[in-house]
Amino acid sequence: MWKKFVYLILLLSVAISAAGFFSPPKVKGRVEIEGVYVQGKTEREAEEALSPLFSAWENRSITLLLPDGTGLTIPPSQITVKTDFASVFASALKVKKGESAALSITPTFAVLGFSTLSERIAKQFYLAPVNAKLTFSPNAPSSSAMFSVSEEKPGRMVDEYALVKRVIVALPQLKTQENITISAPLKTLSPTLTKKELSGRHETLSSFATAYPSSQAERKHNISLAAQKLHGVTLAPGASLSFNARVGERTEEKGFLKAKVIERGAFTEGVGGGVCQVSGTLYNAAVLAGLTITEYHQHSLAVSYLPPSRDAMVNYGTADLVIRNDFPHPVFLTAVADGTNLRFTFYGAPTGKTYALESVVTGSIPTPEPLIEQDDGTLFPTLPQGERKVLQRGKDGILSECYLLITEKGKTKRVLLRQNKYLPVREHVILGGALQKNAPS
């Protein structure tokens, strides 16, 4: 009996369902969604009625207007769309019979892989800025033509962030437009160096000269050769100039000749004689330009072409002159050796400071007793007996100091740069003996 009752209940449920008691809800009011009337329709029926609109939304495209004037189309296959149809239909069901409502669907569009696309576009249309360039031509016919400055050129790049933002803002327009056009925004890239900035970076920082008009021809040749090797140097910020590395070893194979040099406290002949005048002149020009001297060496004897404590001896492999550029900009060097004067000039960006050098003799070292040698007629056969020939004149030694005078904004600071001791030169005299040797027996 109980089983029959349950069976009857099940049959009744199926019958009620078939009669429509459990059919999907339908819109009772006079409702239109996006202009389509859906009164009396279920959700599925309403969706089918709106399918042409949904299909249209799924076929939207975007055209990107690129910097070169061409267009790049993003096809419908790369654009997704989602709608809030379900929630809109739920609102339609709430409209009572006899009431009216006009409802709208909000589609949400998105572009697949747009970050990769924007990155590719940015790379394709990237144009690097070109800085102004300062060109140094040390062999130009005039000093005014020695430096030239090119114009800077701005660069460009596609602003990826702005492009993405434009796309996001424009996407809702696809609800009513089959295609939207979006221009790729450009960002200007400014050069880091302009012609105006570089135009002030090649002024004369210092110019210093020494004279050598009475030097022997071989010494003049050596001075000219060493100067040529230093002419046209560009010293970058933080870089150092090694005299020995730049000029090279002073050998006959490299074109240097024998001339007078100072060796072990005496004047003698040696290959490369005169090169120390080049290093000494360069030293003074560098100090007067405000450059940093990281290595220098004095001569054992005072030299004639420079005041005391302002010389710079060099010897390949043992003694160097090293100059460092501690300025934030490069400096440029020219050298002129015309057989009479040797001049070095440094060019660069002014620092607002000027420099001067002051040499002060603080004491002397007496010359020792002369060295007098009797010639038996072999050294100087024609030198009469008892007559004196001075091979080397005596000279007192020197104690000296050099001060660097730094002037800035009208105020001068005096800084001790170096202290030196130069040995005396012993006089060397030969007494003639020619007559004694040739006298009759």
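Select helix α8 (residues 217–230) and helix α10 (residues 275–288): their axes, lines fitted to C-alpha atoms over the stretch in contact, come within 8 Å and cross at roughly 45 degrees. This is a predicted model, in which local features need pLDDT of at least 70, side-chain atom pairs count only at pLDDT 80 or more, and totals for chains, interfaces and linings use all residues. Residues are numbered from 1 along each chain as its sequence is written, and side-chain values use heavy atoms, with hydrogens and water left out.

The crossing of α8 and α10 is right-handed. Next, show the side chains in contact (heavy atoms within 4.5 Å): Arg219, Asn222, Ile223, Ala226, Ala227 and Leu230 of α8, with Val275, Gln277, Val278 and Leu282 of α10.

Now move to helix α6 (residues 160–170), where Leu163, Val167 and Ala170 are buried, meaning under 20% relative accessible area with a 1.4 Å probe, protein chains only. Look down the axis of α6: the buried residues fall within an arc of 75 degrees, so they line one face of the helix. The arc is taken from the directions from the helix axis to the C-beta atoms. Turn to the other side of α6 to find Tyr161, Ile168 and Val169 exposed, that is, over 50%.

In α5, Phe114, Leu117, Ser118, Ile121 and Ala122 are buried. They cover an arc of only 135 degrees around the axis, which puts them on the same side of α5. On the other side of α5, select Ser115, Thr116, Glu119 and Lys123, which are exposed.

How values were computed. Axes are lines fitted to C-alpha atoms, for helices over the stretch in contact, and angles run from 0 to 180 degrees between N-to-C directions. Helices (H or I, at least four residues) and strands (E, at least two) are DSSP runs, numbered from the N terminus. A crossing is left-handed if the near helix is turned anticlockwise from the far one by less than a right angle, and right-handed if clockwise.
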